[in-house]
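Rolling a probe the size of a water molecule over the atoms shows where empty space is left.

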Amino acid sequence: MEVLKERFKTKADLVSTEIKDIIKEHGNRKIGEVTLSQIYQGMRGITGLVTETSLLDANEGIRFRGYSIPELQAKLPKAIDGGEPLPEGLFYLMLIGELPEKDDVARVTSILQRRSHVPNYVFDTIESLPVSAHPMTQFVVGIMALQTESQFSKKYQGGMNKKDYWDATFDDALDLLARLPRIAAYIYRRKYKEGVHIQPNGLLDWAGNFAHMMGYEDESFWELMRLYMTIHADHEGGNVSAHATHLVGSALSDPFLSFAAGMNGLAGPLHGLANQEVIKWIFEMQEQLSVENPSKEQIADYVRKTLSEGKVVPGYGHAVLRKTDPRFTAQMEFGKKHMPDSPLVNIVWNIYDVVPPILQSLGKVKNPWPNVDAHSGALLVHYGMVEYEFYTVLFGVSRALGVLASLCWDRVLSLPLERPKSVTTESVKLWLQGKDEIWGE
Ligand code: CMX
C-alpha cells in the first residue's frame, strides 16, 4: 500500500474509535436548537455536519486542521525559500491531520504527477461543446467524462465490501485531483488561446505545472497559483460546493459524480462565480464612468447605483464570516509584495475602503466586509489573465483539495446517507396550532 494511503488509514482507524466512544458516551447531548426562522432562512447557524479538514470562525476566518493562513504560509513546505506554500502540503495536512515534512509533500507531488494522464475522449467530449460554453460548464462536462474511470464505481458494480469503500474513494480522489489541472488548462487554452495546448511538465509541482499548462511561465505567477490553490481549498463543510460534494457522496455516488455536483454549486454567483462577477463589475464601472482610475467618491456612487438596481456588491458579505476574510488579506499582502503599483489592485483596495460603510448603512447586511472573491481577479489580471469567466475554474481546481480530502474521510468513517427532515408551510401552520403530531416537541 502507498505510504500516504497507509498513513491515512492508520490515522482514520484511531479517529474512528474516538468517534465511536464519543457517540457512545455523549451521543444524547444537545448541540443547539433549531428555530423556525433558521428553517426558512437557509439553515444559517445550524450545526449539522462533521467535516474534519477545516473549521471556520466567524471573526478569525478559516483554520485548516487548526492552522490559520499565515501559519500555513510559515509552516508548510515551499517551492522557493520565503515563498508561498505548496498546496500539496495543505492536502497532506487535511488528509492526515499533521503538518507534512518536505518529503511528504514531494511524495504527494509525485503521486499526482504519476496519475495525471487524461484520456483523449475527455478532451473530445469537451470539444463537442461550443467554445462559447462557460468554462465552468466545460469543466463539469470534463469531470463527468472522466467519471468513466472511477474505480469506486467499477468496484461497486463488481460487488465491493463496505470495508473497502474508503480505499476506492481514496484512489478516485487522487486520480481526479491529479487530472483536474490538465482539464482546466485544456479548457483555458481551448477557449482563449486558439486551442494551442501546452504539454505538462513532469518536473513541476501541481500548481506550478497548472500555471505552465495555462501558458504562464512567470515564477511570480506560479507563486500566485500556489497561494491561490492553498487559500481556496476548503472552508469547512456547510458552504455550497463542500456540502453538495458531501451530500451527493453520501448516496455512495463516486468522487467524480460528487465533485461535479460541488462544482455545479460553485458555479453560482452567490458562491464561487462571484470572483468573475467582481472583475466584471469593476470593468463595467470603468467603462460606465469612462475612467481608468475612479476616485473613492466615484466608486461610492457606483456602489449605490448597483444597490439601487437591486443587485449585490460582488465579493462582499458572507453567510458565516463577520470580519474581513483572511483569504482577502493574504491576497492583499501578495499584492503589496509583488505589484503594489498595479492600478487594478489599487482600485480593489479603494473599494475595500468604500464598500463596508455603505453596506453597513443598509442595516440588513450581516457582514459588510470583503470575502475571498473580492481580490483574486485583480491579481490575475496583473499577470495578463483577463479572461474573467475562467476564474471560477481556478477556484474549482483548488476546492478539489479540500472536498476530496473530506470525501475520503466521509467514506473511511462510514458516514451515512444524509437525509434531513423537511416540512411544508401547511404542516408548520398545523404545528403552530398544536395539531401536528408528526414533528415538533
Ligand atoms: N451586497 C448587497 N446586499 C447584500 C450583500 C452584498 N454584498 N451581502 C448581503 N446582502 C443582503 C442580502 O442580499 C440580504 O438582502 P435581502 O434581505 O434583501 O434578501 C441581506 O443583505 C442579508 O443577507 P446576509 O444575511 O448578510 O447574507 P447571506 O448569508 O444571506 O448571504 C452572501 C451571504 C455571500 C450570499 C451575500 O453576502 C452576497 O450575496 N454577497 C455577494 C456575492 C458574493 O460575494 N458571494 C461570494 C461569497 C464567498 C464565496 O462563496 O465564494
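This is a predicted model: local features need pLDDT of at least 70, side-chain atom pairs count only at pLDDT 80 or more; totals for chains, interfaces and linings use all residues.

Residues are numbered from 1 along each chain as its sequence is written, and side-chain values use heavy atoms, with hydrogens and water left out.

**Cavities overall**
- The structure holds 4 cavities of 30 Å³ or more, a cavity being a set of points on a 1 Å grid over the protein atoms alone where a 1.4 Å probe fits but cannot get out.
- Grid points are joined across faces, edges and corners, and a volume is the space filled by probe spheres set on the points.

**Largest cavity**
- The largest cavity has a volume of about 80 Å³, and of its 14 lining residues (those with an atom within 4 Å of a point) the closest to its centre are Thr51, Ala242, His246, Val403 and Ser406.
- Helices H12 (240-249) and H19 (391-412) each supply at least two lining residues, with H19 giving the most, 5 residues; helices are DSSP runs (H or I, at least four residues), numbered from the N terminus.
- By class, this lining has 4 nonpolar, 7 polar and 3 charged residues, where Ala, Val, Leu, Ile, Met, Phe, Trp, Tyr, Cys and Pro count as nonpolar, Asp, Glu, Lys and Arg as charged, and the others, Gly among them, as polar.

**Second largest cavity**
- About 50 Å³ of space lies in the second largest cavity, which is lined by Val278, Trp281, Ile282, Pro314, Tyr316, Val348, Ile351 and Ala374.
- Two or more of these residues come from each of helix H14 (274-289) and helix H17 (343-362), and H14 gives the most, with 3 residues.
- The lining of the second largest cavity has 8 nonpolar, no polar and no charged residues.

How values were computed. On a 1 Å grid over the protein atoms alone, a cavity is a set of points where a 1.4 Å probe fits but cannot get out, and a pocket is an open set with protein on both sides within 12 Å along at least five of seven lines; lining residues have an atom within 4 Å of a point.
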